[in-house]
Amino acid sequence: MMSLTAKFAEVRAGLDALSAMGRNPFDIRFEKMLSPTMALLDGRPILLLGTNNYLGLTFDAACVAESTRAIEEAGTGTTGSRIANGTYSDHALLERRLAEFYGRRSAMVFTTGYQANLGLISTLAGRGDHLLVDADSHASIYDASRLGAAEVTRFRHNDPEDLARRLRRLEGRPGDRIIVTEGIYSMLGDTAPLREIVAVKREAGACLIVDEAHSLGILGEHGRGLCEAARVEADVDFVVGTFSKSLGAIGGFATSDLPGFDLLRLVCRPYMFTASLPPAVIASVTASLARIRTDSSLGERVLSRSRRLYFGLARAGFELGPEPNPIIAVKMPERETAVRFWNRLVDEGLYVNLALPPATPGSLSLIRSSVSSAHTEAQIDRAVSIMTAVGSELRVLERRAVATALPVG
Amino acid sequence: MTDDELDVEAEIVQMLAGRLPAGVQVSTDTRIVQGLGLDSVAILDFIMDLEERFDVSIPLDRIAEVQTIGELSRAIETLTGTA
């Protein structure tokens, strides 16, 4: 049976090469979570700057209390799917709260954010339809493309003109056109040009799905994400999101004004054939959603901390993604330096994410941070200072200074 | 083999020239995934350049079926109606 894993020989070789340079980045084991921003790793405290815990709600007292109450009252799990084994009233309540929050007719809760994309997109885009996805889309969107029966093409990342060209090529062909973009993109932290994309969408009579996984609770005056911030909510047909980042738990959702949206519950396989979320998760998410509806300070604080990190790193001379959002990616000159850089940061007590091709756009090697509203200014400053010291040590900053000083042309 | 096919294929080879690791030679039978030394995202990005050059959208399932440069070239011709 050895041959079963022979097809992963390249993965094995890549992992061996990575591990030979230090830690295995895919197997970091925290012994204890101390807070939303600190953990114990190898017996030492480490500053967490790569957890997507944007609003720091994982230890929020009200969320923990609600979660504890739910587990006592309703048990540890639902042991079944909504359609086959019944719905707990708190699941339905959370769906109403989500629909109210977005000002939409309906919302559907999925067991993970991955399944929300997988389910919504694969179900809406049926045989004969045309799915157009941004090239930098999350794996769940690509996997949805493969699960569904529609014809799929990817348009250039954040390029409404390329999207328009692709829609034009479809003129005269039957079938619905479904466009998928994200609010904030997970690797470089850049936002979609939604106003321009919406204009293209309207012109072509297409429908638009926006995944706000990394922007819920962060962008927009009321925390409704990029669609709110860009003032295009009326033109966005479906918003997808996750409970696993800003809401501090796990799960996903889709919301829409589409009449008959609830019929999806009977045709969407990633919704139908999996158990619903445990009561404790539903309860903490309901509490964290209530928190962001009433308290805009969390979103404001994560953005202010993000700017502090972004401009701190920019001043130090690092090359970064284009926008100061809570995802901040430092571009490394190549793969080996990225691996060394990441290992040195962990040595120094700073946990970030190592992001390597092909998981990154443009074959970039990235040191990816995600900022939380729970980070103190002192923690952000410490992160900047550790990264700056390691950047000097590995001559990342020096090489960059030389590169930017070269005359152009 | 038609003139059009030659043209599309020659264009693909020419567009690839600047992006391949040193020493990689390309012909009709070159396998795209194993033979070019590019990762999966770089291949998809190159295909986007081809789509722009030939003003055609190549669906992802078609891309998945194509194994060699010759097959890629024929897929583009079929989709553009030049085959």
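Entry 1. I began with the pairing of β8(A): 3 bridges join it to strand β9 (residues 238-242) of chain A, and the two run parallel. I looked up one position in this pair and found V210(A) opposite V239(A) in β9(A). I note here that the model is predicted.

Entry 2. I then turned to strand β7 (residues 177-182) of chain A. It is joined to β8(A) by 5 bridges, and these strands run parallel. I checked I178(A), whose bridge partner in β8(A) is C207(A). I followed the chain from β7(A) to β8(A): it passes through helix α9 (residues 194-204) of chain A, and this β-α-β crossover is right-handed.

Entry 3. I moved to chain B, which has 5 helices and 0 strands. Along the sequence I read its pattern as α-α-α-α-α. For 83 residues a compact globule would have a radius of gyration near 12 Å, and I find 12 Å for chain B, which agrees. Along the principal axes, its C-alpha atoms fill a box of roughly 35 × 25 × 20 Å.

Entry 4. I recorded that buried residues make up 19% of the 83 residues in chain B. Among contacts in chain B with a separation of 6 or more, 59% come from residues 24 or more positions apart.

Methods: Residues numbered from 1 in each chain as written. Chains lettered and ligands numbered in written order. Predicted model: local features only at pLDDT ≥ 70, side-chain atom pairs only at ≥ 80, totals over all residues. Pairing = 2+ DSSP bridges. Helix = DSSP H or I, 4+ residues; strand = E, 2+ residues; numbered from the N terminus. Right-handed = clockwise from strand over helix to strand, strands pointing away. Rg over C-alpha atoms; globule rule 2.2 N^0.38 Å. Buried ≥ 20, exposed ≤ 12 C-beta atoms within 10 Å, placed from the backbone. Contact = placed C-beta atoms within 7 Å.
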